[in-house]
Number of protein chains: 2
Amino acid sequence: MSIREELISQADAAKKAARKLAKAGTNEKNKALNLIADKLLERKDEILKSNEKDMHQGRENDLSRALLDRLQLTEARIKGMAQGLREVASQDDPIGEVPEMWKRPNGLQIGKIRVPLGVIGIIYEARPNVTVDVAGLCLKSGNTVILRGGSNAFNSNQILTNIIQDGLRESGLPIECVQLISTTDRKAVDILFTLNDYLDVLIPRGGAGLIQKVVNESKVPVIETGVGNCHVYVNKDADLTKAKKITFNAKYSRPAVCNSAESLLVDQEIAEEFLPEMARIFAESNVELRGCERTRKIVPKIKEAVEEDYSAEYLDYIMSVKIVEDYQEAVEHIYKYGTKHSEAIVTENYTTARSFLDDIDAAAVYVNASTRFTDGGEFGLGAETGISTQKLHARGPMGLKELTTTKYIIMGDGQIRE
Amino acid sequence: MSIREELISQADAAKKAARKLAKAGTNEKNKALNLIADKLLERKDEILKSNEKDMHQGRENDLSRALLDRLQLTEARIKGMAQGLREVASQDDPIGEVPEMWKRPNGLQIGKIRVPLGVIGIIYEARPNVTVDVAGLCLKSGNTVILRGGSNAFNSNQILTNIIQDGLRESGLPIECVQLISTTDRKAVDILFTLNDYLDVLIPRGGAGLIQKVVNESKVPVIETGVGNCHVYVNKDADLTKAKKITFNAKYSRPAVCNSAESLLVDQEIAEEFLPEMARIFAESNVELRGCERTRKIVPKIKEAVEEDYSAEYLDYIMSVKIVEDYQEAVEHIYKYGTKHSEAIVTENYTTARSFLDDIDAAAVYVNASTRFTDGGEFGLGAETGISTQKLHARGPMGLKELTTTKYIIMGDGQIRE
């Protein structure tokens, strides 16, 4: 079989399985999730062995320490994956919910009922835990899934999918509910793009390059995730104590994730009061600042920011700093360089706060809080499939509900249209 | 300027105007809508004159009678367009609605607020009334729009856009809120597909060929609309009086629209009782039936249905008929040939009705009512931009709300993430 034939055969099986899974009851799905969690723990030695193969190859391929860390599984991480599945099992089932129903003057009763999307394709990095997380979320929301994990995690993903399918089989659900693409050939991704007769949505997770490729080439509808060039804007009316705490947290608490801030904007009126202390705090934690000319007059020790710095998603202990004339310049700067992910203002001014919430077009707009909260768990949505930075269908953290659609159901007693 | 340069310049202007329009108040938008309605009536002679140019060319180009009818504007139709705008003005403004807001344990107040999508591209047939309808819906929902109407309606669309822009100017809104592509060159459509830095969504209305082209080629996110191969399934437990009424209405009331039924499925158990009378009713109204072998044993006068008939969207006074063994065969037939638009069962059996609502994956699933109700107005949503047959973002008739997205707003008092 060619790669294309094999993928079509998988996609076709996923589509068939989707019809069965859509009708599975909540108890049935939860039973499968919990069973898979049990099996992950039972078979942890097999998992660690396969993961060690990936780690060995990764070290030979000179993967960075950060990448190796994401790739590695430990007993604790396997426990974490199992726990994640149990948490998904404990969440409300979105399927079957009727968010709206009304009656028309002619007596027709019309409602919207929540149903699965169908078949979901996910392309992701070499992070084996994503395999289990995503499989769990798709299963609970009644969707079948075709997984394309980073090739560096191929052995880990194979054993994990194997275990998931065992759990499905034992619970009486089709094993094709969760399938891994069985080749690391990059062609497979290009073929996925063309399977719009089978896949209902494709979700790319990972770097900007991958996401752009999917958006440009896919015939399957896409949900874009993740690129975050997020700003903290310290307004002239800010409480500077809050501003320091929020700015530091937005950058330092976990710089390699999409909701961390990359850029600090400071109103000129308070720059001389705010920046020296802020720079000192960052210097103590070895965060590199790159400032505009005016910033460097106040904090001369830091590097110069060039144009590219304002567009950069560093994902590192680096932050650009720019002094702005006023609120309007800050808003324009964010409009120009932002990626519509998460944007924060620090201000005590009521009118300025309201304006910012209105003026900024992003998935999450904050007043007086760290951008790091943009996360399904932190928002109270439960688990998360990714953070959508597009406007169609889902925007911001995607929980179970974002993996569903609705259909209209119309109940009549013989109505016809005049 | 090349076509590409001109389109980019229009798209850029639309994007800039979108920022202003997003902040326009409801009163401002309603004022513009009503003003445009006034102007359409005042300038009806100009409109009719431009339309006559299109009609003249259309006749020279041998357009069918149906196409010429859709192209033609009359004083009554102009009044209808003006009335449509006033109705959109009278509808609730979706923008600014906060459908959900909650408080987290850490005190963060998190809400979703409804905002415009931004810039919408619409590609549609040679129906000048769509120009006004769509412009009105986009305006009310705070979106700017780039219109690409069928080339046969070019003169009509130009004068209508001209009048709309006059109304915008007079109400103090940017005239770039509504722009018509100023060429009938087909290249313009291909260029639209690439403008994902400017357009937030592209909505193709029209035939299956256009829709497939857009889905296959567009980098801009697409909402698919309209192709409807809809079924009426007369179950063995149907009230046959209702069944006849519903089947006739679903086909005959307006065959050229997407929610009309193309195919009739009949349980074998009641076929001999139901079909002769049903065929007689259709014959009286000159509806052509094309039946399966078993159907033709009962109603010998009708033509034979071949495989293509079951896939056909006739949009005409033609209907295919198939006798099915049982409920399960009906569901499988719909799964195989349906386009996930509107599907109806006629039955008095409670359990069968519930199963059908569950089993059928379509934008609108009916029990004991005509598929012809799939329409924004009939559902009580107000006006309609089209009927989505995809699962992402919007499914079924799209009203004002479906032209919006949400963003998260998060209000804190210094919260940081641990």
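So, salt bridges across the interface: between chain A and chain B, the rule finds 12 of them. Keep in mind that this is a predicted model, so everything I show is computed from predicted coordinates.

Let me pick out a couple of those bridges. Glu378(A) pairs with Arg417(B) through their side chains, with 3.4 Å from N to O. Where do Glu378(B) and Arg417(A) sit? Glu378(B) is in helix H16 of chain B, residues 376-379, while Arg417(A) is in the segment after E16 of chain A, so this pair joins two chains. As for accessibility, Glu378(B) comes out at 24%, which puts it in the partly exposed class. Arg417(A) is at 17% and counts as buried. The cut-off for buried is under 20% relative accessible area, so Arg417(A) falls on the buried side of it.

In residues, the contact takes 71 from chain A and 71 from chain B.

OK, zooming out to salt bridges over the whole structure. Searching all chains gives 68. Let me go through some examples from chain B.

Asp93(B) bridges to Lys29(B), with the closest N and O atoms 2.9 Å apart. That pair links distant parts of the chain, 64 residues apart: Asp93(B) is in the loop between helix H5 (75-90) and strand E1 (100-103), and Lys29(B) is in helix H2, residues 26-42. Buried or exposed, those two? Asp93(B) and Lys29(B) are both buried.

Another one is Glu304(B) with Arg296(B), where the closest N and O atoms are 3.9 Å apart. The salt-bridge cut-off is 4 Å, so at 3.9 Å this pair is counted. Here Glu304(B) is exposed, with a relative accessible area of 51%, and Arg296(B) is partly exposed at 32%. There's also a network built from bridges that share partners: Asp200(A), Lys340(B), Asp361(B), Lys391(B) and Arg395(B) are joined into one.

While we're around there, a quick look at Ile298(B). You'll find Ile298(B) in helix H12 of chain B, residues 293-298. Its relative accessible area is 23%, which makes Ile298(B) partly exposed. What does Ile298(B) contact once we set aside neighbours within four places in sequence? The list is Ala271(B), Glu272(B), Leu275(B), Pro276(B) and Ile323(B). As a distance check, Ile298(B) and Phe274(B) are 24 residues apart in sequence, with their C-alpha atoms 9.9 Å apart.

Over to chain A and Ala17(A), which lies in helix H1, residues 3-22. Ala17(A) counts as buried, at 4% relative accessibility. Not counting residues up to four places away in sequence, Ala17(A) touches Thr144(A), Pro174(A), Glu176(A) and Cys177(A). And Leu117(A), 100 residues away in sequence from Ala17(A), is 13 Å away in space, C-alpha to C-alpha.

Last topic, cysteines. How many disulfides does the search of the whole structure find? Zero, over all chains. Take Cys258(A): the nearest cysteine sulfur belongs to Cys230(A) and is 7.0 Å away. Cys258(A) counts as buried, at 18% relative accessibility. Cys177(B) is in no disulfide either, with the nearest cysteine sulfur, from Cys138(B), 10 Å away. Cys177(B) is buried too, with a relative accessible area of 0%.

That's what I had; happy to take questions.

Key:
Residues are numbered from 1 along each chain as its sequence is written. Chains are lettered from A and ligands numbered from 1 in the order in which they are written. This is a predicted model: local features need pLDDT of at least 70, side-chain atom pairs count only at pLDDT 80 or more; totals for chains, interfaces and linings use all residues. Side-chain values use heavy atoms; hydrogens and water are left out. A disulfide is a pair of cysteine sulfur atoms within 2.5 Å. Buried means under 20% relative accessible area, exposed over 50%, partly exposed in between (1.4 Å probe, protein chains only). Contact means heavy atoms within 4.5 Å. Helices (H or I, at least four residues) and strands (E, at least two) are DSSP runs, numbered from the N terminus.
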